[in-house]
Each structure stands twice: as structure tokens, then as C-alpha cells.
Amino acid sequence: MQIFQILIDIWNLIIIQPMINSLVLLYSIFFLNFGLAIIAFTLVVRAVLIPLTVRQSRQMKMMTDLQPQLKEIQEKYKNDKQQLSRATMEVYKTNGVNPIGCLGPLFIQFPIWIGLFQAVTQTLPSTPERLVGLSKHLYSWLPGVNDVIPINNSFLWLDLAQPDTLPVMPVLVGVSMFLMQKTTTMPSADPRQAQTSKMMLWMMPIMFGFFTTTFPSGLALYWIVSNLVGMIIQGFVTGWGPLIDMLKFKRGEPVPAAAVATATTTALVTSEPEETRSNADGRNNGQNTRRGNRSRAKSTRRRSRRGANRRR
Amino acid sequence: MTRKLTLLALPLALLALLGCAGRIATPEGWSGGVVDDDTLYIGTRQGDVRALNTESGETRWRFTLLGEDEALRGVYGTPALHEDTLFVGGYDRVLYALTTNGELKWQEPVGGHIVGSPTVVDGVVLVGADDGKVYAFEREDQSSRWTFQTGNKVWSSPAVAEGVVYASSLDKNLYAISLEDGSKLWQFATNGAIASSPVYDDGVVYIGSFDGVFYAVNAADGTLRWSFDDAGSWYWGTPIIHGEDVYAPSLDGRLYALNKRTGKLRWSLTTEGPIVGSPSVIFDMITVGSDDGRLHIVRISDGNPIDSCNMQTELRSDVVAQGETVFLGARDKTIRALRIKANGNPDEKWVHKADEDNPVVRGRVEDC
């Protein structure tokens, strides 16, 4: 029990208190508007997470680049799962890829999300108990923090300490997450993976949209801004191809099935941009993914035949 | 397959963690009690008000708040007893008037949650709410006499003296309001929100603020008489006046004893947690509860700790004393009675567990 309390104290010390004080400080800077403070805080968090994002993106990129090779292995050892597993790991090892390496940064970001949730609910106390609790977390040496309490919860039509009474924030969270995923599409040669990704593409926005109906709208605001910023960063880093594809899709142009496969979990759970591309070789950046997939499939077939000829 | 499971597990784990991190807070309440003869009237964390036998702790009656949203049925303020009527401010946004038999005389909805205690004087019931208003109702027929709008939530209890109402607000101001017509007489600005209730004594209003400063304000014109700014955190609990001193509890975990005329610090008691409730005088001692789970007993003359009782749960309610017994509510949903001996040693009399069918437990707390 005492260990549990120590862990809570450590958690509060290194995560919750810095977050709460940052939010309060930003609130005092941004015209006593907590909505603006959350937006500014989101930008700061994104900036702090850039090293993680880059690492994650590299891993994702390498995974993407290995897709044709992995596909070949799958074809080759489709009847020998043990050999398939061994060969797959060998490919990862040879290319210096950790198959779950992209998940590491993701796990690191979990505490940030949970901490932010707690920080928002504690900075915007809805009950006297919470306000008393807030007093324990404020740095007495930080000038002005005590002077701006209690925080004004209002932002636009929202009470940031409470869930949105209208369905607006849940819808915005769901839509922004969906778009964020779409911009971070990663083609998959594995149909099972493509199917999973497709499922996640729809499931996660719906789930988060649903949970937004019970979470403080301040957290929903963070998610929305984070997703939007993520999309913009992704656009600048890897091009606007996926977004353009989406627009084309809306205009009635078909989108290839393979392009639906997305780096869903990473995009959603972290809301971070991944340096993933809609083509395996990275050369058709910003271009039609259908063409990229088709050419990749052709080259795969060609390599396959060449290999067969050599074997003959 | 493993990858698929991993993909599914990640968001689910995140959501589970978020869920574990807590949801929108629900009010719990920290009502203190008021004693009349052999009955203690006190709000509980079960969303009701109870009349308890002060000797045995047994329930005489209970009245459950009527608010539609059960989650809002909390009581923070100490009920106010006036003649044969008990006034209770509910977090469910309703002011209740009950008979001393627990029957509802009237109820009056207000525009916000009530956190402070009602104040009754000259046939008027005053109460603040978190819609920023101070409400004045006629005691007998509950008709509204006036309302006074402040700039933020009113979580404190109004004080009344010589036809003037003193009310504080989270908008950082202390207001003097005419009891007759609700007009503003003056206002005194601090640098922090005010959740602490003002106390009037001999032409001076005492109040603590979130800016960590304790103020003595001239009641006549709202000018500052003195201030004490050594606290490390906010003032929340209502100060009390005893003799020549004012005793101010602070969320920095200290109880400050200040000379009421000069503001000079006489002594301070340090506890291990914030002090939210108001202290109480018993014999030549002061008792106060703290978030450190202890009821502290100190000598008034020099502030030396005499003893403490570790109840292992946060103590945020006001402490009320009658004779040699003190009563208080605790965060573990209990109401406790402790006999304080003349030498300062506490001895637990009974524990009323509000969430149990047979709520009374007798015996001693080990650390008492």
C-alpha cells in the first residue's frame, strides 16, 4: 500500500504537477482563456515529442520499405510457418528493424495522455474537493499561479471541465482521428494486416468519439488540435498525397483497396505523424497510390519470375 | 495474429488506463455538524442529513436530499439551526428548511450548487451559490428578499452583523451588502479567489484568500486594517475568534494563531496535510482536523501540540464541540465523536458509519 502511494507521489511529481503548472501558466499568458492554453499546450507537447516522432517515423518507413521483401518471403514459405517466422526475423535483423520498435515511443506517450487527462480534470475543478486537490499541485514559487485560480472553464460554447452537451466535440474528435489515420496510410502486402488496419480505421474514431461524450471537453480539444497539427506536420514531411487521394475519392475516383491499409493504431493512439508513405519505395510521394501499388506489384512479379528463371 | 491482437490491445489498454485515471468528479461533501441539546445535526456523504444522538451516535432521523441527480446530493456546509428549523444547503442546488423532527418545511431551488452554510438572522436566510449569487429568503415563507450578484462562485457562508451581510466570492472580493435591500455598501479586493467564509468581530471582518494572505478589514468602510502573508498556500476553512486571537486554517497544513488587533503571529501548528475545516475550542485547547488524517489538539496559550488522534482518513469538516466532546465528519463516510479529556487526551466515543445499516461502532481508535 505504501509502495502504491509512493508511485502515485512520483507520478504526481514528474507528470501531473509539471502539466498542471504549465497549463495554468499558459492560461495566465493567453488572456485567461483556458481553451487557448490547451491549444498552446498541445503545440508544446507536440514539439517536445518530435524526437520520438522522428524515431517512430523511421521505424515505420523501414517497415514500409520491407513490405515487398516480406511479401516474397510469405509467398515462399506460405506452407512452413516456422521457416516463415525465422526468415521474417532474419529480414528484420539484416535491415536493422525492430518490428515493435515503432511501438516503443507509443508506449512512452501513454503516460502523457493519462497525465493530460488528469491534469485537465484537476486544473478545471468541478467540485470543491478537486479545487482543494489542485492547491497541492501548484508550485508556490511560480509567480501568479495562485492569482488566476479558479480557472475559467468556458471556451466557445464549451465547459472545458465537462463533456460537450452537444454532439459537436465527439464528432470532431472522430472525424479528425479518421482524417489523421488517412494521412498516415501504410500499404500492407499482408491482406490480414490490411483488414485489421481497415477495421481500426473505423473503430478507433468511433470509440474515441464515444468516450468524448464522457470525458472533459478540454481533453477532446487537445485530441482535435493534436490530430490537426499531426496532419499538417505529416503533410509537410511526407507530402499531401493521402489527403489528395481522399479528396479524389470524394470526387468519385476509386481508391485502391491496398491503400486503405493504414498505420492505424500508431496514428490514433499517439496522434503523432508517422513518416509513412503510400508507396513502398517512397518515389511517388504525393502521387496516386494506385499507380504505386500497381508498379510495386509488377516489380514483385518480375523479381519473382527472375528468381524462378535463375532457379531453372 | 499476434500483430492483430497487439493492434487491438493497444487502444483498449489506453482506454482502460484513461478510464482508471478517473472520470468527471462527483461531489462528496464535508459537512460539519450543529449540536442542540443531545442531538447532532450533520450532513453525510450519503447525500442526506441526519440527526444523531450525541451520546450513542444512533440515528434519530434522516432526510435524503431531493435533487433529481443523485450524484449531486452532497452537503458541504454545516446546517444552520434556528429555533425549531434546520436549514441545509444542498449541492443539488436546493436550500432546505427542515423541522427538528426531520420533516420538510419548505425547499427553495437556487441557481447553483450550494457549498457554504446558510446563515439565519432577523427572519432572513442567507446562502451563497456557485452561480455567483448571494440569496436572501424570508425565513417563514421562503419568499425572496433580494439576490446579490458577484463575479464568480460563492462557496462560502455569509456573515451578518449590525444589518450588514459580509460575503466572499471566488471573484477575489469580499462584499459588504445591506441586509435590508441587498445593495452593495463596499467591496474589498484581494489578489486571490476567496472560498473562506468571513468572520465578523468587534468592527472587523477577517478573511483569508487564495493569494495566501489573511486580511483584517474594517467593517465600516472596507479598508484594510492589517494583513498576514506568511502562508504557503490558500486559506479555505472559516477562521474562528477566541479571546484576543484569530485562528486561521490554511491549505499549507498550518493553523495560524494571530493577534486579532495587530495580525502578529503568536504561533502556528504544522500538520502533514491541508486544513480545510474550521477548528473548534474545547477547554483551553483547540482541535482541528487535517488531510493528514489526524485530529490535532493544541494548547491555546502557546500552540504546543498536546495530542492527536489518527483516524487514517482525510478530515475536512468543521469540528464542533459540546462540553467535553467534539464531533466531525470524515472522508471515509463516518461521523465521529471524541471525548477530549481535560489533559488533552482524546478518547473515541462512537463512530457512525453513514453507509451501513447499523452504523454505530463503539471503541477506541488505536492511535487515540
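Biologist: What does the secondary structure of chain A come to?

Modeller: The model is predicted. Chain A has 13 helices and 2 strands. Of its 312 residues, 41% count as buried. Among contacts in chain A between residues at least 6 apart in sequence, 81% join residues at least 24 apart.

Biologist: How many residues does helix 8 of chain A have, and what should they span?

Modeller: The expected span is 1.5 Å times one less than the number of residues. Helix 8 of chain A covers residues 168–183, which is 16 residues, so it should span 22 Å. The end C-alpha atoms of helix 8 are 22 Å apart, in agreement with that.

Biologist: Which residues of helix 8 of chain A are buried?

Modeller: Among them are Met169(A), Pro170(A), Val173(A), Gly174(A), Met177(A) and Phe178(A). Gln181(A), Lys182(A) and Thr183(A) also belong to the buried set.

Biologist: At what angle do helix 1 and helix 2 of chain A pack?

Modeller: Helix 1 (residues 2–29) and helix 2 (residues 34–48) of chain A pack at about 125°, and their axes are 8 Å apart. Angles of 65 to 115 degrees count as roughly perpendicular and those over 145 as roughly antiparallel. The two helices of chain A are therefore oblique to each other. Their crossing is right-handed. On the helix 1 side, the contact is made by Ser22(A), Leu23(A), Leu26(A) and Tyr27(A). Helix 2 contributes Phe34(A), Ala37(A), Ala40(A) and Phe41(A).

Biologist: In what order do the strands of the open sheet in chain B stand?

Modeller: Strands of a sheet pair through backbone hydrogen bonds, either parallel or antiparallel. In chain B, 4 strands form an open sheet in the order 5-6-7-8, with antiparallel pairing. Strand 5 (80–82) and strand 8 (104–109) of chain B are the edge strands, each pairing on one side only. Neighbouring strands of this sheet are turned by 20° against each other on average, direction ignored.

Biologist: How many bridges join strand 5 to strand 6 of chain B?

Modeller: Strand 5 of chain B is joined to strand 6 (residues 85–89) by 3 bridges. One bridge pairs Leu81(B) with Leu86(B) of strand 6.

Biologist: Which residue takes a positive phi in the hairpin of strand 1 and strand 2 of chain B?

Modeller: Strand 1 (residues 33–36) and strand 2 (residues 39–43) of chain B run antiparallel and are joined by 4 bridges. Asp36(B) has Thr39(B) in strand 2 as its bridge partner. There are 2 residues between the strands, and Asp37(B) takes a positive phi near 55°.

How values were computed: Residues numbered from 1 in each chain as written. Chains lettered and ligands numbered in written order. Predicted model: local features only at pLDDT ≥ 70, side-chain atom pairs only at ≥ 80, totals over all residues. Buried ≥ 20, exposed ≤ 12 C-beta atoms within 10 Å, placed from the backbone. Contact = placed C-beta atoms within 7 Å. Pairing = 2+ DSSP bridges. Axes fitted to C-alpha atoms, helices over the stretch in contact; angles between N-to-C directions. Parallel < 35°, antiparallel > 145°, perpendicular 65-115°, else oblique. Left-handed = near helix turned anticlockwise from the far one by under 90°.
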